[in-house]
Amino acid sequence: MKHLKKALALTALMAAVNANAQTELTVYTAVEAEDLKKYAARFNEDHPDIKVNWVRDSTGVITARLLAEKDNPRADVVWGLAGTSLLLLKNEGMLTPYAPKGLEKLSLKFRDRDETPSWVGMDAWMAAVCVNTIEAEKNNLPMPTSWEDLTKPVYQGHVVMPNPNSSGTGFLDVSAWLQMMGEDKGWEFMDGLHQNISRYTHSGSKPCKMAASGETTIGVSFAFRGARLKEQGAPLEVVFPSEGLGWEVEATAIVDGTDKMEAAQTLVDWSITRQAMEMYNEGYAIVAMPGVAQPVKHFPANAEELIIDNDFGWAASNREAILTEWARRYDGKSEAK
Amino acid sequence: MSVFDPGKSSMIDSPSFSTPATRNWPTLAELRRRLTDRWVFALLLVIGCVVLTLLVLAPLYTLLSKSVENKAGEFVGLENFAHYLSSGGIESAFFNSLWVAGLSTVIVVSLAFMAAWALTRTRLPFTGWLRGVLVLPILAPSLLPAISLVYLFGNQGVLKSWLFGAEIYGPIGIIMGSCFWTFPHALMILLTAMDNADGRHYEAATALKASPWRTFWTVTVPGARYGLVSAGFVVFTLVITDFGVPKVIGGQFDVLATDIYKQVIGQQKFEMGAVVSVLLLLPAMLAFIADRYVQRKQSASFTARSVPYRPRQDRMRDAIGALMLTPTIVFIFAIIGMAVYASFVTFWPYNLQLSLNNYQFGRMDGGGWGAYINSLKMALGTMLIGTGLVFFNAWLMERTPQPKLLTGVFQFLSLLPLAVPGLVLGLSYIFFFNHPDNPVNGIYGTLFILILCTITHFYAVSHLTAVTALKQLDQEFEAVGESLNASRWRVLFTVTLPLCLPAILDVALYLFVNAMTTVSAVVFLYGHDSQLASVAVLNMDEAGDIAPAAAMAILITATCAVAKLIQGVLRFWVDRSTRAWRQGME
């Protein structure tokens, strides 16, 4: 009993000392909630003196929140947010450029191209098509293998995709199609696809979730979600269309104005270490450091060859025009059916 | 409810007119005391206005002012509006919003009126329990009906055939979902309006040999008309500003509220989001003015001479009452039941094995039990602070002499939050409370700002309930009090508060359960140590963990149900003691 008390007192003391020595970082993220504990724990294995306080939400909400907090930023670091969002923040002057240790080991595609980059990449999430095998069989649908397949009349009313005006995943698809096929062909393809779409959703993971529960047969979504749902037991086939896949980098950055610069830099340094890359690789098939990635369950082994040469600059500067044109063509029309 | 009530206010302003036969002229000292009193009361209401301005108007201004600015923050006049109106699709979104909200309002108010009638004008047994069941929808996070509706009527739904080939994704889903979650709001207002009926009117009707049907149209409906208008106004505004239901189940059916979501969350265009928010205020504003116009003539229905109405034995009428309640209760049970079932299913619809696994929140992420505790704290804080604030302000407005203009301003401020979508309110709070020059910016990211935001978000209906209850008390209570030289304060604590306790308990419960379930505004405001259970539900659903999301939603619902039970017991006790009090008075 006495020992126990002593031990308890000691632990309490140590905890107190620990708490005092710790720097707390407020980290905004859009990484899956289930992965956050793992990320922080692995980081703490190397840096027990920095405590990561997560604030997590979906990409759109976290980005809106960061922008709204512009005058008085609350986050010290952003760890795990879409490159497009970070580009927005960079243009608003909200990021502190920093060249973390080991920057040279990252693939050029996965970092801000400035000499001292404003953000550095972690991994890529890429487009994928979730197909419900049970419903496909029920409806006698062949397994699609390409984007072009999805415009075939046989799939009419069986496809769901995210609205690019609400969802980053939706925009990633549209931008990839326009880049791969060229503007005219791209819109022509979408006209064809539109004929088969039963509805557009406001969230990028929703189409895959709908496919998983049989609410639709085919959901245009992203690979990570498809793989996770399949792992949970959904009767899904995750299809990677042969023409190529749109993708987006997930990245880390320091928020301008942080008063914990040293700790923030430590975190960003760690976020691109080999260890970190291996950790990202547990859920994502493509990571920012070449040569690290091992094949991931439910992902294709040649994932890196499937993704297109995405021109983020082009996508960012044409975003507004693309979205307006998209809304003009497809928004609100389909109710007439 | 009513804003300007000239007849009434002049009556309290000059007490000598109110009960002329029995009054003596007050002495000069007495008059002076009253005059100071009036100043104090007016000052207190001014403070109330300032508080609401800080909680509603100032934050809103920071966001809505962006509607006339470009991205760089320069003033551009109505350019954004022109741009938005010319972008097309707006007509359909505006029209869709109007007819969906309109139809939902008609359905909800009819059902709620039928239910309120059955609960207050018949002698059905177990009304306490029935009331409990009927408010169940308000106890559930908004995602719960969405999950249930898909499981019931979706492509794999068990009742899909009932839609005759129509799709749940679209207006049908939006209307069903909206009806589900707004029903208790309407019911609460109608019950408050109908609970204290004056038995003498019914006695008169019986004496005049009016048929039950005629009595219904000449006594019951007119007595409830202000409640009906208010309920309609509230439901319409709630539906038109809500983006939760249309986002989850509306498919690509465009409404104004989802347009805000597209602009702000999808494209980070705050200025365009502000434009749509302003447009969204218009129909809500119209409803507000219409409500004000109709409410003008309202006067107390429950006077000092009233006799509480006790329905007589009538089997036939009770049977009709039961019939009126049935569709609503069946619908509510179907939705909640389906969600309970969903929370046990391993993987809908392909592995229907039942298990308790989904209730192990420790293993799930999105905050787990910690988030649940935070939610409890937040809800209790909202309840305590909110109820006090709402009731005191409503009392100042209704039961003390106030300049007309001031009550008008106050009424406007307290109803304004109703017309503000949660998403807009949340963002406004960032702009306002996180501003470096705001002296209280330290509260940003704490539980306290979540409490403030939630009180504001749900202020309007709480205010309406409190005002409805206060209005039903005869102004003579104060007049008599004054003649007995009892101050208004004393009347407040000895008469008004006890008589209003049922309504106060209603408001407290309303704030508690809404704080437990709310998502749209708080999603922008929680910090790393103030995650909430309702947000966790959303996150888990987003991650595809539908069953654990349903489980957490059920846990929240169960917690709210316990709160409702406690409130029910308290209410029963209060009802009994005030009944004794009332009878003692006669």
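Q: How many residues does the contact take from chain B, and how many from chain A?
A: This is a predicted model. The contact draws on both chains. Chain B gives 46 residues and chain A gives 53 residues.

Q: Which helix gives the most to the side of chain B that touches chain A?
A: Helices α13 (256-266), α18 (422-433) and α23 (533-542) of chain B each supply at least two residues of that side. By class, the side has 18 nonpolar, 23 polar and five charged residues. With six residues, the helix that gives the most is α13(B).

Q: Are α20(B) and α22(B) roughly parallel or roughly antiparallel?
A: Helix α20 (residues 459-471) of chain B packs on α22(B) with the axes 9 Å apart. Their angle is about 175°. Angles over 145 degrees count as roughly antiparallel, so α20(B) and α22(B) are roughly antiparallel.

Q: How many nonpolar residues has the contact of α20(B) with α22(B)?
A: From α20(B) come residues including B:Val461, B:Thr465 and B:Leu470. From α22(B) come residues including B:Cys500, B:Val507 and B:Leu511. By class, two residues of this contact are polar, one is charged and nine are nonpolar.

Methods:
Residues are numbered from 1 along each chain as its sequence is written. Chains are lettered from A and ligands numbered from 1 in the order in which they are written. This is a predicted model: local features need pLDDT of at least 70, side-chain atom pairs count only at pLDDT 80 or more; totals for chains, interfaces and linings use all residues. Axes are lines fitted to C-alpha atoms, for helices over the stretch in contact, and angles run from 0 to 180 degrees between N-to-C directions. Helices (H or I, at least four residues) and strands (E, at least two) are DSSP runs, numbered from the N terminus. Angles under 35 degrees count as roughly parallel, over 145 as roughly antiparallel, 65 to 115 as roughly perpendicular and the rest as oblique. Two residues are in contact if their C-beta atoms, placed from the backbone, lie within 7 Å. Ala, Val, Leu, Ile, Met, Phe, Trp, Tyr, Cys and Pro count as nonpolar, Asp, Glu, Lys and Arg as charged, and the others, Gly among them, as polar.
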